[in-house]
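Please set out a briefing on the structure shown below, grouped by topic and with the cut-offs behind each term.

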Amino acid sequence: MSDIYFIIVVFLVSLLVAALAYHPILHFARKHKFYDNPEARKLQRAPVPVMGGFVVFFGAMVGSLCYWFKHDSLSIVPVQIAMLMMLIIGAWDDVKKLSPTLRLVFEILIVVALAIGNNYPINDFHNLWGVQEISPWIAWPLTIFACVGIINAINMIDGIDGLCSGLCIMVFGFYGILFFYAHDFVRTALAIAIIGGLIPFFIMNVFGNRSKMYIGDAGTMMLGIALCDMLMAMLTKDSLCARQIEHSNFCLIAFALAVLAIPVFDTIRVMFGRISRGESPFVADKTHLHHAFIDYGFHHLETSLMEIILNMMIVGVWWLFYKSHFSEQWQLYGVVIASIGVCFGLYWMLGRRKRIAEKVKEMYGLSMDEYENLTTDERKALKKQTDTNNQQ
């Protein structure tokens, strides 16, 4: 019971530290002109300070260090160092705009260093398709591929107010519950500390007016490497999570994928689209699911809440399959099908209105709102007049 109380203390400490650190960091960002400037691919109209990741980092570090000092455990040190390194690389990218190749190299190096520091990569499927421990020749490339993918998936959802921070609060919440259930209190404390650091930032990012700040690449990359640490902790041989669910049909891989469904599958869809158009998968554009919501008419907060709810529904699909005693592989298939349906199908449905609006603009010279305000008779008359003009 003492662990529960101390985890609550960790949360409150991280929450308080992040709240107290917010305005000094905001002032520092403004003073040194660390801004995210408007571009064609971005939705903002004015420069916004971009050091929110430091707010989350300070809150999470101080909170998790409280647990470290209580238990004298060094197991949390590798991920804390990795988070600091990612914060620095991300801040460098925010200010100097690193090339995609150099940034990828840094991500790989830090992922490998974290796996070595933890003394484990992703090396066990825990009975998915009957597979247990896998060869190091497979484990290390798989670890690098999965972790770099997660880091970039978290980075790519940072496009509107509250989306990245809101989704990460949800993700670390689910992971915190799992690690608490598995008696891995070190990572429970880390997940809770990160949530405590995220909440003040989320509030100011969404509801702040003059005090708005973005989390930046520093924040998204730092959060991404923390998630990588938790994924490694779940999917390594003899993990505490695996021991806890050893005699059940609980599929850790399906759970991990369900919790990260929107970031991961939206990134897959976006990258597949870029490659199919002959573009670099790392060139930024406005083809993410949140862009489709915004184009359809949703506000930032509405879009963020919609994507969080959709992600929780995918977790619900996994939970339904698990509780219905489906096998591990069918839990994974259910998550994949639900995720594709949301990220691919919903994007196509939301984009349909935009495609119709472009066609209406081309044919009649009207916006979609103007066209929808016409009566049926007015639309028929407009179509008839357009057909007559085209024939002439």
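In what follows, Ala, Val, Leu, Ile, Met, Phe, Trp, Tyr, Cys and Pro count as nonpolar, Asp, Glu, Lys and Arg as charged, and the others, Gly among them, as polar. This is a predicted model, in which local features need pLDDT of at least 70 and side-chain atom pairs count only at pLDDT 80 or more, while totals for chains, interfaces and linings use all residues. Residues are numbered from 1 along each chain as its sequence is written, and side-chain values use heavy atoms, with hydrogens and water left out.

**The second largest pocket**

- A pocket is an open set of points, on a 1 Å grid over the protein atoms alone, where a 1.4 Å probe fits, with protein on both sides within 12 Å along at least five of seven lines, and lining residues have an atom within 4 Å of a point.
- Grid points are joined across faces, edges and corners, and a volume is the space filled by probe spheres set on the points; on that basis the second largest pocket holds about 840 Å³.
- There are 29 residues lining the second largest pocket, and the closest to its centre are F145, A146, G149, I150 and V264.
- By class, the lining of the second largest pocket has 26 nonpolar, three polar and no charged residues.
- Helices here are DSSP runs of H or I with at least four residues, and strands are runs of E with at least two, numbered from the N terminus; α4 (100–118), β3 (124–128), α5, α10 (252–259), α11 and α14 (328–364) each supply at least two residues of the lining of the second largest pocket.
- Of the contributors to the lining of the second largest pocket, α5 gives the most, with nine residues.

**Helix packing around α11**

- Axes are lines fitted to C-alpha atoms, for helices over the stretch in contact, with angles running from 0 to 180 degrees between N-to-C directions; by this description the axes of α5 (residues 136–156) and α11 (residues 261–276) come within 9 Å and cross at roughly 90°.
- Angles under 35 degrees count as roughly parallel, over 145 as roughly antiparallel, 65 to 115 as roughly perpendicular and the rest as oblique, and α5 is therefore roughly perpendicular to α11.
- With contact taken as heavy atoms within 4.5 Å, the contact between these two helices is made by A153, I154 and M156 of α5 and by P263, V264, T267, M271 and R274 of α11.
- The contact of α5 with α11 has six nonpolar, one polar and one charged residues.
- The axes of α10 and α11 come within 5 Å and cross at roughly 75°, which means that α10 is roughly perpendicular to α11.
- On the α10 side the contact is made by L257, A258 and V259, and on the α11 side by A261, V264 and F265; these residues divide into six nonpolar, no polar and no charged.

- Buried means under 20% relative accessible area, exposed over 50%, and partly exposed in between, with a 1.4 Å probe and protein chains only.
- Helix α10 is mostly covered, since eight of its eight residues are buried, namely L252, I253, A254, F255, A256, L257, A258 and V259.
- Six of the eight residues of helix α12 (residues 289–296) are buried, so this helix is largely enclosed by the rest of the structure.
- The buried residues in α12 are L289, H290, H291, A292, F293 and I294, and just after α12, G297 takes a positive phi of about 125°.

**Individual residues**

- F57, found in helix α2 (residues 52–71), is buried with a relative accessible area of 7%, and beyond its neighbours within four places in sequence F57 is in contact with Q80, M83, L84, L87 and M222.
- E107 lies in helix α4 and counts as buried at 1% relative accessibility; leaving aside neighbours within four places in sequence, E107 is in contact with M86, V148, I151, N152 and M221.
- Y175, in helix α6 (residues 163–181), counts as buried at 0% relative accessibility, and, not counting residues up to four places away in sequence, Y175 touches L227, M230, M234, F255, A256, V259 and L260.
- Y296 is found in helix α12 and is partly exposed, with a relative accessible area of 38%; leaving aside neighbours within four places in sequence, Y296 is in contact with L350 and R353.
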